[in-house]
Amino acid sequence: MADLMTGLHRTHYCGEVEGVGNEVTVGGFVQRIRDKGSLIFIDLRDRTGIVQLVFDDTTAKEVFEKAKTIRSEFVLMAKGLLRNRESVNTEIKTGNVEILVNELRILAKAQTPPFEITDNSNVNEELRLKYRYLDLRRGKLQQNLIMRSKIAKTARDYFYENGFIELETPMMMKSTPEGARDYLVPSRVNPGKFYALPQSPQIYKQLLMISGFDRYIQLARCFRDEDLRADRQPEFTQIDMEMSFVDVDDVLAVGEGFVKRIMKDIMDIDYPTPLLRLKYNDAMDMYGSDKPDIRFDMTIKDLSEIVKDSGFSVFSDAVKNGGSVRGIVAKNAASVLTRKEIDKETEFVKGIGAKGLAYIRWVDDAPNCSFGKFMAEGELDRIMEKLGCEKGDVAFIVADKNRVVLPTLGALRLKLAKRLDIIPKDQFKFLWITDFPFFEYNDETGHWDAMHHPFTMPNDECLQYLDSAPEKVFAKAYDLVLNGVELCSGSIRITDFELQQKMFEALGLTDQEIEAKFGFLVNAYKYGAPPHGGMGIGLDRLTMQLLGVDSLRDVTAFPKVKDGSELMSECPAAVDESQLNELHIKVTE
């Protein structure tokens with residue numbers, strides 16, 4: 001049987017022991033044992049770090065014999081004299097002290113774990129996720145989650161200090177269209193009807209503005225049934241906020257204050273504000289992305305004017321058909337980007353929608369150009385001058401409709417930067433993307449859809465184009481981007497009942513659909529709504545970026561994998577037929 005804790009009470013965490021010459025009591029998991037016969041060393045670990053326990057010829061016999069039975073991951077409490085170590089270990093915080101143990105309790109024994117619990121473990125991630133409770137004992141993962149906790153605390157402190165009120169919104173709500181599939185919860189007492197888990201608290205926080213709570217904050221759990229990737233989990237937390245009597249600049253100012261506070265409190269960096277702002281169209285033109293990584297150059301250049309009458313029909317036809325010809329330059333990359341490598345990049349861009357990839361590779365005295373024979377005298381020189389292409393560089397050019405050219409070059413830009421290792425490490429570049437298009441054309445349906453949610457306010461000067469030219473309507477919408485990752489999305493909301501009705505109609509919604517999906521919100525607006533706006537900042541993504549880790553799984557206690565399952569508990573799982581019957585559900589193969 002395991003020992004009892006009777007008489008022992010922890011006085012210090014392992015990584016925080018202090019007071020040489022005093023008795024201390026610690027508790028934790030056994031990291032490592034070194035048994036040298038008459039001398040035993042045990043490294044004891046908790047979430048703060050490791051401390052060395054010592055058992056020698058001065059130790060009581062029964063305590064020494066108990067120490068000889070200890071194995072990795074046993075749970076111990078130990079009391080003893082804190083003294084200076086003879087050989088200092090600079091790898092740990094407590095490397096200059098050790099505890100000469102005089103009382104020892106084995107609180108729990110442990111089987112040999114399926115993998116060694118160390119920060120440098122190379123164990124298959126699938127195995128680590130199956131035994132996530134063991135994986136979480138690793139110091140690196142624990143520190144990741146502790147940082148997430150610190151960011152959450154700083155967020156609350158900042159918003160509380162700025163007059164925000166923390167309010168909770170329902171976890172079971174009505175299904176409304178917000179861009180991703182809902183997770184549905186069947187109602188036992190309302191057969192055939194379902195709750196939805198919130199993709200965001202969007203509608204409820206707008207209702208709170210109508211209710212008079214002019215500054216709302218919530219660390220909100222959100223759920224989206226969409227395909228997973230490194231920076232996406234089906235359930236996540238966002239720092240959700242909303243403000244009344246504001247316009248875009250007011251909301252962004254609060255957001256920038258939050259960024260400055262987080263960077264100072266968490267990273268000890270005095271981050272300069274105001275943050276850089278780029279309009280959506282400018283970001284796409286320069287970087288081919290609405291979430292650009294601006295830690296490195298390689299901006300997109302428009303060559304359309306130079307090649308519009310070119311003898312190379314791929315270029316000239318693209319311009320004549322309303323598209324463009326644009327390029328990027330990988331500086332000093334000719335030695336790395338060989339012809340074989342360029343062929344790989346060509347296959348890459350074809351895989352994401354481009355028809356092909358033209359290039360200029362300048363190694364020797366004259367550049368090697370895939371389309372040079374079609375160029376008139378001086379034309380290639382003008383292209384290279386516009387691109388800033390010099391000896392040692394490689395230029396890539398794509399010609400097509402802008403909706404193909406820009407995202408293709410944006411993706412290629414990022415891929416090349418990683419390949420060439422030109423993205424600075426330990427650097428943080430925040431920016432706002434503003435003035436998003438209100439509508440985006442859906443080729444499949446032939447209709448204009450809302451790029452953001454349908455409550456987003458158009459820019460004042462664009463209201464005249466709602467009926468006549470949807471492509472000219474831009475929104476009071478904004479995203480916060482850090483190092484190429486979207487941290488936050490927000491907007492100023494429509495509060496005018498008649499304008500909201502007009503926006504629904506512009507999106508092709510019938511009166512019946514409006515009533516069925518948004519009737520309660522539309523009715524609320526009839527009773528007076530202050531101008532308001534807000535945003536939701538991804539807590540998990542922010543933590544991931546500040547830590548510099550590659551996946552949300554590294555900052556989530558119990559994450560899901562690609563197919564949406566959790567390997568440890570093996571959910572989702574089948575349920576009893578009786579449960580399905582209670583919910584009036586029948587599963588069909």
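Mentor: Let us begin with the second largest pocket, whose lining takes at least two residues from each of β1 (23-35), β2 (40-46), β3 (49-55) and α4 (139-161). Keep in mind throughout that this is a predicted model.

Trainee: Which element gives the most to the lining of the second largest pocket?

Mentor: That is β1, with 4 residues. The whole lining numbers 30 residues, and those nearest the centre of the pocket are Gln31, Arg45, Ile50, Ile92 and Asp119. The space inside amounts to about 710 Å³.

Trainee: How do the residues of the lining of the second largest pocket divide into nonpolar, polar and charged?

Mentor: There are 12 charged residues, 11 polar ones and 7 nonpolar ones. Of the residues nearest the centre, Arg45 and Asp119 fall in the charged class because Arg and Asp are counted there, whereas Ile50 and Ile92 are nonpolar because Ile is counted in that class.

Trainee: What makes up the closed barrel, and in what order do its strands run?

Mentor: The barrel has 5 strands in the order β1-β2-β3-β5-β4, and its pairing is mixed. From one strand to the next, the twist averages 55 degrees. Helix α1 (residues 61-68) packs on this sheet, where it touches β1, β2, β3 and β5, and the direction of α1 makes about 70 degrees with that of β5.

Trainee: Why is β3 called mostly covered?

Mentor: Of its 7 residues, 6 are buried, and a residue is called buried because its relative accessible area is under 20%.

Trainee: Why does Phe245 count as exposed?

Mentor: Its relative accessibility is 64%, which is over the 50% that the word exposed requires, so Phe245 qualifies. Phe245 lies in the loop between β10 (235-244) and α6, and has a positive phi of about 60 degrees although it is not a glycine. Asp421 likewise has a positive phi, of about 55 degrees, without being a glycine. With a relative accessible area of 56%, Asp421 is therefore exposed as well, and it sits in the loop between α12 (402-420) and β17 (430-434).

Trainee: What is the peptide bond from Thr273 to Pro274, cis or trans?

Mentor: It is cis, with omega near 5 degrees, and Pro274 has its place in the loop between α6 (248-267) and β11 (276-279). A cis peptide bond also joins Cys571 and Pro572, where omega is about 5 degrees. Pro572 belongs to the loop between α15 (539-547) and α16 (577-582).

Note on methods
Residues numbered from 1 in each chain as written. Predicted model: local features only at pLDDT ≥ 70, side-chain atom pairs only at ≥ 80, totals over all residues. Heavy atoms only, no water. 1 Å grid on protein atoms, 1.4 Å probe; cavity = no way out; pocket = protein on both sides within 12 Å on 5 of 7 lines; lining within 4 Å. Points joined across faces, edges and corners; volume = space filled by probe spheres on them. Pairing = 2+ DSSP bridges. Axes fitted to C-alpha atoms, helices over the stretch in contact; angles between N-to-C directions. Contact = heavy atoms within 4.5 Å. Buried < 20%, exposed > 50% of the residue type's maximum accessible area, 1.4 Å probe, protein only.
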